[in-house]
Amino acid sequence: MSVDDLKTKSVAAVQTCASDLYDLSQEIWKNPELAFKEHHAHKVLTDFLEKQGFRVDRHYKLETAFRAVFGKEGGLHVCVICEYDALPGIGHGCGHNLIAEVGVAAGIAIKAAIQDLKQPVKLTVMGTPAEEGGGGKNFLIQDGCFKDVDFAMMAHPFTYNVSRWRCLAVITLEVTYKGAASHPAYHTWEGTNALDAAVLCYSNISVLRQQMRPYHQVHGIIQNGGTHPDIIPSETKLVFYLRAHSETELKKLEKRVVGCVEAAALATGCQVEYNFKRDASKYSNLIQNNTLATLYERNAEVLGVTNCPDKSVTGAISGSTDMGNVTHVVPGIHPVFALPTDASIHSRHFAEEAGTREAQPYTLNQAKALAMTAIDVICQSQLMDTIREEFKQDLAND
């Protein structure tokens, strides 16, 4: 069977399941669940994949993660990724119900193409919880879940079609200032105001922004500003997110922010403790593999999906995702695709759009494009050599 025949077969498999896929997406959309609590989504996704003939490992390494496998060992190992956690107070304002649908549909499409191939191909649909700040993929990476994967793919709903969406690395910084309490209207000189330190720290970073490099970002809050207006605060806490377009640039930004933090302590006479959280909450920048992205673009165009022509959109770097960490472990792509709306992600309006039937053709086209991309690599072994070489080079240049 030719490459084109396999692609036709994969597209047909998605269309055959289109109604069931919509129902699956609706089950997740109507029952939004927060990070690591996606029990209903986990059940409906694993039940669905099992009925489709996948070998399913439920509660894979994490309570609400899963692995659904089809195929044979000894050849390429293709991984498509599902996300399904929601946002607090908003529901699926990031469209993760559609991300899950894309992952499952792409899995069905690739399965249809490889089931009669003589060459061994292993397909995994990986269910990854807690993308919204919990770093579910990072726990799976730490447990070696991607160690034998050759490449990984997923797609995310958005307001534009951007095949090579660029995401920032992000790290959390926690800062605590400790002073001494006193009455603010009597013996004030005996107090050391930790709130002054917090305000100075926040102001220092605000002033720093004028001299920040492009794509360096710092956002933060004063989480604890004291306990009572009539007590000079003895302890305050701030939390910041630092973002940059590479790990190297993020380290540079960390150094500059530390200067702001320590200066506030010096100016106010407070003690300071700060901690960069180098745990699962640290997300790496997203590396889009060039060969995979090029194949995806060609296949998407065949399906009528055209990349946004506005360079201010396609050239922007925004947001962060734990898929970035995956692309530092294996080659991968993470395109974003337009829904018929101008609503911003992480909004109630976008959550509404993610649950409409009108979103379905756009979602299913992404599944088809990812499956067709996988078929290209499966059928042309030399492509994998190029993909691996690009991956090594990308890591070296990061």
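Analyst: Happy to. Let's begin with helix length: the expected span of a helix is 1.5 Å times one less than its number of residues. Helices (H or I, at least four residues) and strands (E, at least two) are DSSP runs, numbered from the N terminus. This is a predicted model, where local features need pLDDT of at least 70, side-chain atom pairs count only at pLDDT 80 or more, and totals for chains, interfaces and linings use all residues. Residues are numbered from 1 along each chain as its sequence is written, and side-chain values use heavy atoms, with hydrogens and water left out.

User: How do you know that the span of helix 7 agrees with its 22 residues?

Analyst: Helix 7 covers residues 247-268, so at 1.5 Å a residue it should span 32 Å; its end C-alpha atoms are 32 Å apart, and that agrees.

User: What makes a residue of helix 7 "buried", and which ones are?

Analyst: Buried means under 20% relative accessible area (exposed is over 50%, partly exposed in between; 1.4 Å probe, protein chains only). Leu250, Leu253, Val257 and Val261 are among the buried residues of helix 7. The buried residues pack against strand 7 (169-178), helix 6 (194-208), strand 8 (217-224), strand 9 (235-244) and strand 10 (271-277).

User: Why is something called a nonpolar core?

Analyst: It's a set of buried Ala, Val, Leu, Ile, Met, Phe, Trp, Tyr and Cys residues joined through side-chain atoms within 4.5 Å. The largest one here has 67 residues, and Leu21, Val104, Ile110 and Met153 touch the most other members. Helix 4 (residues 96-114) gives the most to this core, with 12 residues.

User: How do you know that strand 3 and strand 5 pair?

Analyst: Two strands pair if DSSP finds at least two bridges between them. Three bridges join strand 3 (residues 76-82) to strand 5 (residues 151-153), and these run parallel. In one of the bridges, Val80 has Met153 of strand 5 as its partner.

User: Why is the pair of Phe54 and Phe70 called edge-to-face?

Analyst: Rings of Phe, Tyr and Trp (its six-membered ring) pair if their centres lie within 6.5 Å; planes under 30 degrees apart count as stacked, over 60 as edge-to-face and the rest as tilted. Phe54 and Phe70 are 6.3 Å centre to centre with 65 degrees between the planes, an edge-to-face pair. Phe54 lies in the loop between helix 3 (39-51) and strand 1, and Phe70 in strand 2 (residues 66-71), so the pair ties together parts that are 16 residues apart in sequence. Phe54 and Phe70 are both buried.

Notes. Contact = heavy atoms within 4.5 Å.
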